[in-house]
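Trainee: Please take one part of this model and go through it closely. I would like the cut-offs stated as you go.

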Amino acid sequence: MRTMWHRASAVALAPLVLASAVGCGGSGSDGAAEGTTLRVIVNISPNLTEQYWKGLFATYEKSHPGVKVKLELTGTISANAKLTQDLAAGDPPDIAQQIIPAPDTVKLFTDLSDQAWTKDTPLAGQYAVGGRTYMVGVGEQIQSLVFYNKAAFAKAGVNASKIRTLSQFTAAMDSLKSAGYKPLQTAGQWVTGGQFSMMADAGVLTGNPRWIKQRNDGEVSFADSGYVPYLKRYEQWIDKGYLDKSALGLTYADGQTAFLNGKSAMYMMGSFFVPAADAAKKSDEIGVFTMPTDGAYPSGQFGNISNPYTVVKQSRHQAEAIDLVKWLVTDEEAIKSQLAADGNLRTGFGYPMSSLGTSVQKILDGTPSVLVKSGENQPVAGFSDELNKQIQSLYTGTSAKDAAGGLDKWWNSQN
């Protein structure tokens, strides 16, 4: 992700405007201070490499000779952790990519509500906090997807178009294992919990989009909810060997490579997987279907904003930072570059897609909703890390019931 889950997650996370133009929504470079250096926290992933970011920002610098962009990389820690470190050191960056402001953190970011251009950016309203805009993004991702190896499915006699329920999904895994394949690829790091969310949220939140708000209000619990059947299924898949316990030792990139190399038959991942398949020249060998559930089919797609940007409130270059963010999310070429780099989508901004990318677009076109965890439906801070911990504990003998209870205990302890 990035990612709520695209930390690449999960998942994640360059514009212009002069000091005098910020207030009126104009753009240009003559308002930027001479020799201004903007420090930008960016997420590094297999798709969004250091080289990619340098190329993107070089385009901005070329038309804004008074501004230089310095990358602050987050390959080993989260963007949140990097920002926290910098602020604690009294050395604030100017812009942070891949950070989602929450009610208790909005004080760290500049309120962009008076910038008219923000209203036309994807999912801006759904990510508003208290009716105010603190973050804008380039596009959106969908993540309740199952990518599959076409040759493996053919050998195992599995028809992807017939997989709609969890029982059918489990039966397909059994056939694939019998055909000599690892049925479902996972990995350690954030991937384990991320994949579980991609699956379970599609079913639970389609049935009740307000479930997270109700959990925040103490009206529902994990132990007595639709999440339990998904935990039990996941536990069953581990017990039957459909999920390889040793996979927890793999990095996100390792797991992706294992699937691309044909070592496993299926891979639950977001739309940001498509560029990796394209780069490996494997797109035509891979199919995709929407996540099976025991509820409505097709379900809503667990999704999120892609390439989100915030301006850090303590930035010493507010006008220039806002202008760079504006460019990143409103300039046509900058938008298309970022969408294509990470396999993301945005209405009205098409770009050449592979057969796999086109198939993902069709799923988005047919989904009844995009399920976003934000605003009043935003989980308690740190939940994704705790979920990841509990899902990984299933590999070492924790029961589905105990994992659900553990999530409740942790959530209650945060209030």
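Mentor: Helix H12 spans residues 332–342; helices here are DSSP runs (H or I, at least four residues) and strands likewise (E, at least two), numbered from the N terminus. Its buried residues are Ala334, Ile335, Gln338, Leu339, Ala341 and Asp342, where buried means under 20% relative accessible area, exposed over 50% and partly exposed in between, with a 1.4 Å probe and protein chains only. Seen down the axis of H12, these residues fall within an arc of 165 degrees, so they line one face of the helix; the arc is that of the directions from the helix axis to the C-beta atoms.

This is a predicted model, in which local features need pLDDT of at least 70 and side-chain atom pairs count only at pLDDT 80 or more, while totals for chains, interfaces and linings use all residues. Residues are numbered from 1 along each chain as its sequence is written, and side-chain values use heavy atoms, with hydrogens and water left out.

The cover over the buried residues of H12 includes helices H2 (50–63), H10 (274–279) and H11 (318–330), together with strands E4 (139–142) and E10 (309–311). Contact here means heavy atoms within 4.5 Å.

Now the two ends. At the N-terminal end, Asp331 caps H12, with a side-chain oxygen 3.2 Å from the backbone nitrogen of Glu333. A polar contact is a pair of N or O atoms within 3.5 Å; within protein, one must be able to donate a hydrogen and the other to accept it, and residues adjacent in sequence count only if both atoms are side-chain atoms. Just after H12, Gly343 takes a positive phi of about 65 degrees.
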